[in-house]
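Dear colleague,

Please find below the sequence and the structure that I am handing over to you.

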Amino acid sequence: MASRAEKIDRFPNKIIINISEIQNLKSPKAEPLTIFLRFEYNDGQFSESGKFDITDGSPRQVDHNAVLGVNASDPVQIDDLGQKPVLITLFEAQPKDKKQKEDKSTPIGQATLDLWPLLKNETQIPVTIPVYAIPGSYLETQGEQNQPSLKVNVSIDQPLVPVRDQSNTNAAYITLEGLYSSPEAWLAGGTTFVYTATLPIPINDDKEVTVVFTNGTLRAATDVTNKQKRWPDARGILTVNGTYILGQNINEESIDDEQGELRSKDDKEFRTNSEKTKPQIVWNIERRCFLLPYGSQSLQHQITRVPYLPVEIVRTATPTVPKGKKDEDTGISYHGVAYIETAPLLYPGATRLRGAYKIVPYNEVEYKSKTKRSGNIIDEAMRIANQLFDRSSFNTSKKDTKLTVDKQAAAGAATSMAKKDHLICNVMLSSFATATSSSSSSSAYETSPAWWKFNFTTTSCATLAAAFFPSSAPLSSSSSSTSSDVVENRTTNIDRHYQSLPNGFTHDNDDSLRILLFAESFPSFTSGITRRFKEIIRRLAKRKHYIHVITGCKNASLWLEGNDYLQEYVTFSILPSTDFTNKIDCACPFLFPNTAIYFSIRRFSPDVIHIVEQTPAAMLCGAFAKSLNIPIVWSSHTNIDFYLSTYIRSYAVKMTRCIYQYIRLKHLIYSSINLTVSQDFADYMEHTGIPRPVLVWKTGVDSELFHPRRRSSSMRYRMFGTLNNFTYEQMDSITLFLCVGRISPEKNFEFLSLLLERIPSETFLCIIGDGPYRHILEPLFPIDRVYFFGYLGGEELASAYASADYFIYASVSETFGQVYLEAMASGTPVIAAEGGQLKEFFINSEHGYLWEPDNIESAEQAIYLAMKNRDYLSIKARQQALKHSWDSAADQLNNVYYNAIKKTTQHKETNIIIILFRLFYYGFHWLICMLLALFLMAPFVKVSSPKSTMTQNNNFCRKKQQMYMTAKKCFSSR
C-alpha cells in the first residue's frame, strides 16, 4: 500500500497548512492536558500532528505542517475547494489502561478552514480560526469570551490558476436563503419533510455541476435569527457553529432595488408580512462554483444557446435509513421549477441580476421546451442530497414544524399555491472574473463594478426571488490577446461563421428527422472519421432521428447489437464494394457506382442527405439527391489533394489535382451546406472555388474514456512487446513514446525511424495500428526500440494513451487528427509535425511541442523540450481537450440539418417526368466527370505498393544523416 507521502506526490499542487500555535486552550484539571490535531478533507484524513501538552491557556507553539495534495487541472477538485472546508479536530489523548491495546482519544473541539482564497490567486493565507466546542466536551464550559483558536498559515508554491489564465476565470456564488409563505397543506402535523433545491452549472462543454441545496427545514419565522451562510457540504463537521462559513453573512436588501414583478406597494406589504409572520423553509447555504477559463466559456455558450436556467425544488419525506440504501418513504410530494432568464448577464457591463421569479409545477414538455434539456436533474440531485443529508438537523426539537403527506395533501399543495399563497425563495448567483495586478489601464478587469437588476416572472403558482451578483468583470467582457487566444478565436470564428446561416444555433425545431448518411467505410473501417460518426449517430439517435446509412461494410449491422436506441433508429443498406488493400494501400471499402443508391434513397425518403467525401459513388449519390431536390450536407474529411502526391506518379500530380478540383467543384455546388473539420482546410476549399461559406464542424473527444486515470503499469509493460527482455524497473525508467494511426505511406512513419536514431537510447516507441504498409515499414525500425502492437480499441486504447509518456506523430496529411485530442484528453503531451490541422486546438509549448515538417533537427529539439516539462504539458493538454465534446458537435450538426432543409425552398420532387429529366441532366454531368477521372487520372495511379519509392527516400535520408553525423564528428574533433 502506498504511503501518505507517496499519495501526496501524485498531485501536482501541494497546499501546506501550517499550525503555528494554539491560543486560549486551558486544561480543565491541575495536570497538563495532552492533545493532538487531526486534519480531514473531502471525507478523508490527510494529516495528524504529534501530541503536545496544554496547561494554563497561554499560547502554545505547535508548528505542524499538514500537506494537502490537489490537482488544479481537475475541475471537480477545484470545485470541491469552494464547497468543502478543511476540518481540524482537537483530540484529547488519554492514557490507556492495561486492558487497552491502543491509546484512547476523545474529540473536544473542531475548527473549519476555508481554502477558497487560494482560487483568488492568493499564495499565502494567514488567518486565525476559532475552535468550536464539540457537544459534551469540557470546552463548552469555557464560554465565548475564552474561545480557543488556531493560528494558521496556508501557503502554496504557485497560484492554483496559472497567471495566463487568471483573467479568464469566473466563479458563481449561489446563496439560497429561504422559502416563504408555503402552502397551508404543508403545515399539517405528522411526517417530517426535507426540502431540496437544485440547478445545473456547466464547468466545460460536456460536463456540468449539479448544485444541490439540501437540509431545508420548515421553521417558525421567529426561530430564524441567524443569517450566517452555511457550508453546502457539512459532512464531518461535529459542531453547529462549524457549519457556518466564517465571516460570511446574508445582507438584507431593499425590494425597491429590484426590477422584479413583486415590487408594488401591495407586493411589499405581502412579502414583508410573509417573511416576518409565516413559517418558512430555511437553508441559508452558499454554494461557490469556480469556473476555469473553459468553464466560463461554457457558461457563456450555454446562456447564448439556452437563456433559461432551471431551478428545481422538491419536497420529500425525511430519509430514515442509512445513506446509500433504498428508502421507500422518500417519494417526492411536490416538484416545482423556476425558469430564470440569464441572457442579461451577457450584456456589456452587466454584473448583477436580481428579481422575483415564480415557481410553477414541473411539466416535462414545458421544461424541455424552455431549457433544451433531455430531462430534469432531480434523480442526480437526490442522489447527491442523500449523501449530504444531515439527520442531526431533523431531531424532534420543539422549534421544528412537523409535516405530513397524503394523497389529498400532495394534490392540494399545487392548488393552494396557485390560488392563494406565494412561495418566495431568495437565491443569489454571483460570478466574478479575477483581476490581475498590472500597470496597464487597458485591462477589461480594472473597471469598477457595474450593478444592475433583472427579474423574470412566469405565470401562476409560487414565486422565487433570485439575485445574481456577478463581480466586476461581466461575462461578456474580453481580455487582451494572448497566444492562447488564437485557439479560442478560431473556435469563436467557427460559431460566428455558423451563425451567419439562417437561425444559427437558435433553431427551435426538435421534430424527428429522417437522415440518410452516405459513408462507404462506416462503421467497420478504423479511422478518425468512423469514430466521429459513431459518436454523432449515437447522439442523433437519442434525439429520435431516423438514420439510414449506405455503406460498403459487409458486417455493418454488427455495430447495432446490444444497443436498443441504435437498433430502433439506425438502419443500413449494404451495397457491393471492393478495396485496393494490396495495390495502393487503401484498405477501406470502395463502393461501385450503383443504381441501388437511387432506390435506397427513394425507399427511405429522407429529409436530408449527408454525404461523406467525394468518391465516384458519393458523387453519384449527390446527383441522385439533386435530381430529387433533397437537401444535401456534404462533409469533406480527407485532403485528397495531398494524397494525390502520394498515390499519383510525380509527373502527373499537377494535372490530376486540377482535374480532381474541377470534379469536386461540380458536385459540391449541389449541396446546401458544405462542412469540413478544420478552418485551415475550409480556407483551402474556399480558395479552390467551393461556394462560401465552408463551415467548420466541431470535433469532440470522450473525456471519460480517454482519461489520465486509465494509466496502467500492465498496459505500459505490454507496450514494450515480448521480444525485448526489459525488467519492470527498466520499463518504468525508459521514456515511452506512442504513435497511433493507420500504417500507410502518407503518415510519414519512416521519418520516425530516422528520429529514433537521434534521440537518447533510453527511449522506446510503441506503434498502435495496422495496415498493408506495415510489412514494409517494420524493417526500417530497430527491433530493440520499437514495438508494433497492432490494432487496439476502446478501453485498451485509452489505457495505452494514458500509459505512454508522450504521443508522437509525423503526419502532415491530416485535416484534423482525432488522435491528437485523444492523447491530450489522456494527459499525454503531443510532439508532432506542424500542420494546419493543429491550429484548431493546439498551442505550441502549452500542450506539447511541434517541429517543422521533414526537419529532423527541429524534431529532435521538440523532443528534448517536451521531456523537460512533461507535468505542465500534461495538465494543460487535458484542460484543452475538455473543451471539445461530442455533444457540442452533435448539437451543431443537428442544427446544420435543420438549416439545410430551410435553405431548400422547394419541396421534394414527385413528378416522374421532371425526376427523369433531372436524372438525365445530373447523371450526364456525373458521367462526364467520371470519364475525366477514368482517362486522365486513373492511368497515373501507382497500382503497386510504393515500397521501392519509399526505400529510395529512406536511403537518401540515411545518407544525408550519415553526412551530418560525419560532419558533426569532424567539427567536435577540432
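Predicted model: local features only at pLDDT ≥ 70, side-chain atom pairs only at ≥ 80, totals over all residues.

Helix packing

Two packed helices are described by the angle between their axes and the distance between the axes. Here the pair consists of helix α10, residues 528–542, and helix α25, residues 886–903; their axes come within 9 Å and cross at roughly 70°. Angles of 65 to 115 degrees count as roughly perpendicular, and α10 and α25 are therefore roughly perpendicular to each other. On the α10 side, the contact is made by R532, E535, I536, R539 and L540. The α25 side contributes W886, D887, A889, A890, L893, N894 and Y897.

One of these contact residues, E535, also takes part in a salt bridge with R538, in which the closest N and O atoms are 3.7 Å apart. R538 and E535 are three residues apart in helix α10, so about one helical turn separates them. Are the two partners buried or partly exposed? E535 is buried, because its relative accessible area of 16% falls under the 20% limit for that class. R538, at 29% relative accessibility, counts as partly exposed.

Salt bridges

Side chains of opposite charge can pair when their charged atoms come close. The count for the model comes to 25 salt bridges. Two further examples within helices may be of interest to you.

In helix α6, which spans residues 364–371, K368 and E364 are four residues apart and thus separated by about one helical turn. The closest N and O atoms of this salt bridge are 3.1 Å apart. K368 is partly exposed, with a relative accessible area of 32%, and E364 is also partly exposed, with a value of 44%.

In helix α7, residues 378–388, E380 and R383 lie three residues apart, about one turn of the helix. Their side chains meet in a salt bridge with an N to O distance of 2.6 Å. E380 counts as partly exposed at 33% relative accessibility, and R383 is partly exposed with a relative accessible area of 43%.

Beyond these pairs, there is a network of salt bridges that links D43, D80, K84, D233 and R235.

Nonpolar surface patch

On the surface, M655, F924, L927, I928, L931, L934, F935 and L936 form a nonpolar patch, with about 720 Å² of accessible area together. Which helix gives the most to this patch? It is helix α26, residues 912–936, with seven residues. L936 is found in that helix, α26.

A buried loop residue

P745 has its place in the loop between β31 (735–740) and α19 (749–756). P745 and Y643 are 102 residues apart along the chain, and their C-alpha atoms are separated by 9.7 Å.

With kind regards

Conventions. Residues numbered from 1 in each chain as written. Heavy atoms only, no water. Patch = residues over 30% accessible without salt bridge, like charges linked within 9 Å, V, L, I, M, F, W, Y side chains within 5 Å. Areas by Shrake-Rupley, 256 points an atom, 1.4 Å probe, with all protein chains shown as cover. Salt bridge = Lys/Arg side-chain N within 4 Å of Asp/Glu carboxyl O. Helix = DSSP H or I, 4+ residues; strand = E, 2+ residues; numbered from the N terminus. Axes fitted to C-alpha atoms, helices over the stretch in contact; angles between N-to-C directions. Parallel < 35°, antiparallel > 145°, perpendicular 65-115°, else oblique. Contact = heavy atoms within 4.5 Å. Buried < 20%, exposed > 50% of the residue type's maximum accessible area, 1.4 Å probe, protein only.
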